[in-house]
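Student: Hi! I've got a structure open and would like to talk it through with you. Can we go bit by bit?
Tutor: Happy to, just show me what you have.

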Amino acid sequence: MSIVSGRDAVSSRKNPSPNILIVDDEPDIIELLELTLARMGMDVVSARSLDEAKQLLQSKRFQLCLTDMRLADGEGLDLVKFIAQFCADLPVAVITAHGTAENAVAALKAGAFDYLAKPVSLKQLRDLVKSALNLPPMAAHAVPAASSQSNQRVLLGESQPMRQLRATIDKLSRSQAAVYISGESGSGKELAARMIHERSARHQQPFVAVNCGAIPENLMESEFFGYKKGAFTGAEKDHDGFFLAANGGTLFLDEVADLPLAMQVKLLRVIQEKQVRRIGESQEKNVDVRIISATHKRLNQCVETGQFRQDLYYRLNVIELNMPALREMREDIPLIATAVLEKLCRDAARPVSSFTKGALAKLVNYDYPGNVRELENILERTLALCGEVQIGEAELQLPVATKEAKSSIPENINLILPDLDSGLPLQDYLDQLEKDSIIKALNISRYNRTKAAKTLGITVRSLRYRMERLGLNENV
Ligand SMILES: Nc1ncnc2c1ncn2[C@@H]1O[C@H](COP(=O)(O)OP(=O)(O)OP(=O)(O)O)[C@@H](O)[C@H]1O
Ligand SMILES: [Mg+2]
């Protein structure tokens with residue numbers, strides 16, 4: 001079948017009159033959509049049935065398709081599937097009857113760009129059209145195989161799971177659906193979230209990453225929703241909060257399982273209403289954010305144990321992306337290790353090192369409970385300690401097998417105290433002490449934060465908060 005791809009020419013987006021296909025069997029709705037879109041300067045073609053729409057798609061180039069879910073000769077969902085198969089780069093949005101959230105979710109899962117609920121809000125329609133026309137062309141955002149040279153960070157790896165994952169990320173980028181990213185610590189959840197954003201229609205808008213486990217509970221509301229000057233003691237000027245800061249872009253809710261229940265309710269409301277009210281303000285403000293969430297915990301289990309609200313879970317988890325653990329893609333370890341090593345050498349402006357065969361074999365056979373982040377840490381430490389250009393097995397100092405390591409976790413950590421005469425101000429001295437204890441506990445627990453917190457006798461939330469404060473999150 002030959003289908004004219006709607007978005008194969010980059011110039012099509014610069015076209016002064018983008019072509020839009022409307023598929024609906026209700027004349028009133030067609031008229032309303034035609035009028036609104038024509039006012040936005042669009043060329044509108046309408047089809048009354050699935051068949052007619054398919055024929056038009058084969059004969060004409062479109063930049064967006066809007067379809068009703070229920071048509072005389074079939075389901076809008078079938079058209080979404082047809083477009084996903086034959087003109088994957090054409091964004092298609094569905095119009096759903098009020099209160100049929102399952103339909104919208106099914107359409108998003110099948111590859112729809114977004115949905116509009118009836119009665120159609122003209123503001124939402126205009127926003128949707130603008131976003132869809134802002135999608136980067138597909139060819140330009142193909143993920144380079146191993147782009148250690150490129151500025152944009154991408155998930156590296158040529159194994160089947162990694163290729164599959166990148167293909168899914170590409171598809172998800174062309175939709176507005178909420179994505180929930182699961183996976184072990186250090187497996188690339190945040191990197192995946194950034195990739196989705198950078199390839200999406202929102203790429204020129206902000207990406208705001210929030211570590212939900214690191215915000216003290218009493219500050220949550222003001223951090224998320226913002227406040228007006230004078231709303232409470234200490235509110236010296238207006239503050240937007242995460243939702244408004246991410247407006248038009250993507251809000252990444254990291255460690256989402258750590259949100260307290262009371263906050264979950266408030267978050268759900270904002271996501272549903274698409275409106276936020278800053279503390280101390282009476283007016284609600286419209287917000288348009290795409291939500292991507294992640295946690296290394298099993299969110300469905302948190303729902304079962306009552307720690308996470310089911311309604312919020314369904315809102316966040318429209319599409320799930322699971323990050324494979326590094327040990328599940330061992331064949332990628334040489335490629336990733338080499339790319340990481342090259343980057344570390346470049347950053348340190350030193351000659352690029354390489355691994356001996358034995359060192360590579362050791363790296364491939366290690367289990368990485370802390371995944372790629374642990375690999376990065378191992379290589380950073382190795383480089384710091386080893387002056388050689390070739391890195392051998394001994395230089396890697398890989399931790400012993402996990403089972404032995406478990407029994408060697410001490411009850412208390414003995415620290416070598418920094419020198420009190422070092423002249424450091426007390427706060428810096430204490431920070432250094434705190435930092436050393438945390439790093440040590442994390443090393444012993446193989447970067448398992450739950451275990452590290454236990455060893456330190458603090459809660460995971462407190463550990464995250466301290467790490468954030470000490471600037472440890474990027475490196476540990
Ligand atoms: N496939 C990969 N290719 C290259 N780099 C990767 C890959 N996966 C992860 N990384 C790198 O590993 C580090 C950890 O990734 P990231 O922060 O995205 O993990 P995470 O799953 O969010 O971890 P956590 O659960 O601890 O928050 C980052 O520096 C990231 O760039
Ligand atoms: Mg993360």
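Student: Leaving aside neighbours within four places in sequence, which residues is threonine 250 in contact with?
Tutor: Threonine 250 is in contact with His197, Arg202, Pro206, Phe207, Val208, Arg290 and Ile292. Keep in mind that this is a predicted model.

Student: Where does threonine 250 lie?
Tutor: Threonine 250 lies in strand E10, which covers residues 250-254.

Student: And is threonine 250 buried or exposed?
Tutor: Buried: its relative accessibility is 0%, and the cut-off for buried is under 20%.

Student: Arg290 was in that list. What about alanine 177, which residues does it touch?
Tutor: Not counting residues up to four places away in sequence, alanine 177 touches Leu108, Phe113, Arg290, Val318 and Ile319. So Arg290 is a contact of threonine 250 and is also touched by alanine 177, if you take the two lists together.

Student: Where is alanine 177 placed?
Tutor: Alanine 177 is in the loop between helix H7 (160-173) and strand E8 (179-182). With 2% relative accessibility, alanine 177 counts as buried. Alanine 107 is 70 residues away from it in sequence, yet their C-alpha atoms are 9.7 Å apart in space.

Student: Switching topic: in what order do the five strands of the open sheet come?
Tutor: The order is E2-E1-E3-E6-E7, and the pairing is parallel. At the edges are E2 (43-47) and E7 (114-117), each pairing on one side only. On average, neighbouring strands of this sheet are turned by 20 degrees against each other, direction ignored.

Student: How many bridges are there between E1 and E2?
Tutor: Five, in the parallel sense, with E1 made of residues 19-23. Asparagine 19 stands opposite aspartate 43 in E2.

Student: Which strands does helix H2 lie across?
Tutor: Helix H2 (residues 27-39) lies across E1, E2, E3 (64-68) and E6 (92-96), and runs at about 165 degrees to E2. Helix H4 (residues 76-86) lies across E1, E3 and E6, at about 155 degrees to E3.

Student: OK, cores now. Which residues touch the most other members in the largest nonpolar core?
Tutor: Ile181, Leu321, Phe355 and Leu363, out of 47 residues in that core. Elements giving two or more residues to this core are H7, E8, H8 (189-198), E13 (290-295), E14 (319-322), H14, H15 and H16. H14 supplies the largest share, seven residues. Domain 2 (169-322) and domain 3 (327-398) each provide at least three residues.

Student: What is leucine 321 in contact with, leaving aside neighbours within four places in sequence?
Tutor: Its contacts include Leu165, Leu172, Ile181, Ala192 and Ile196. There is also a second, separate core of 33 residues, with Leu267, Ile271, Val303 and Leu316 among them.

Student: H16 came up. How far apart are the end C-alpha atoms of H16?
Tutor: They are 21 Å apart, which agrees with the 21 Å that 15 residues (371-385) should span at 1.5 Å a residue.

Student: And what covers the buried residues of H16?
Tutor: The cover includes H14 (333-347), E15 (354-355), H15 (357-365), E16 (390-391) and H17 (393-396). Among the buried residues of H16 are Val372, Leu375, Ile378, Leu379 and Leu383.

Student: Last one: how many helices and strands are in the protein?
Tutor: There are 21 helices and 16 strands. Of the 476 residues, 48% count as buried.

Definitions and conventions:
Residues are numbered from 1 along each chain as its sequence is written. Chains are lettered from A and ligands numbered from 1 in the order in which they are written. This is a predicted model: local features need pLDDT of at least 70, side-chain atom pairs count only at pLDDT 80 or more; totals for chains, interfaces and linings use all residues. Side-chain values use heavy atoms; hydrogens and water are left out. Two strands pair if DSSP finds at least two bridges between them. Helices (H or I, at least four residues) and strands (E, at least two) are DSSP runs, numbered from the N terminus. Axes are lines fitted to C-alpha atoms, for helices over the stretch in contact, and angles run from 0 to 180 degrees between N-to-C directions. Contact means heavy atoms within 4.5 Å. The expected span of a helix is 1.5 Å times one less than its number of residues. Buried means under 20% relative accessible area, exposed over 50%, partly exposed in between (1.4 Å probe, protein chains only). A nonpolar core is a set of buried Ala, Val, Leu, Ile, Met, Phe, Trp, Tyr and Cys residues joined through side-chain atoms within 4.5 Å. Domain bounds come from an automatic or database domain assignment.
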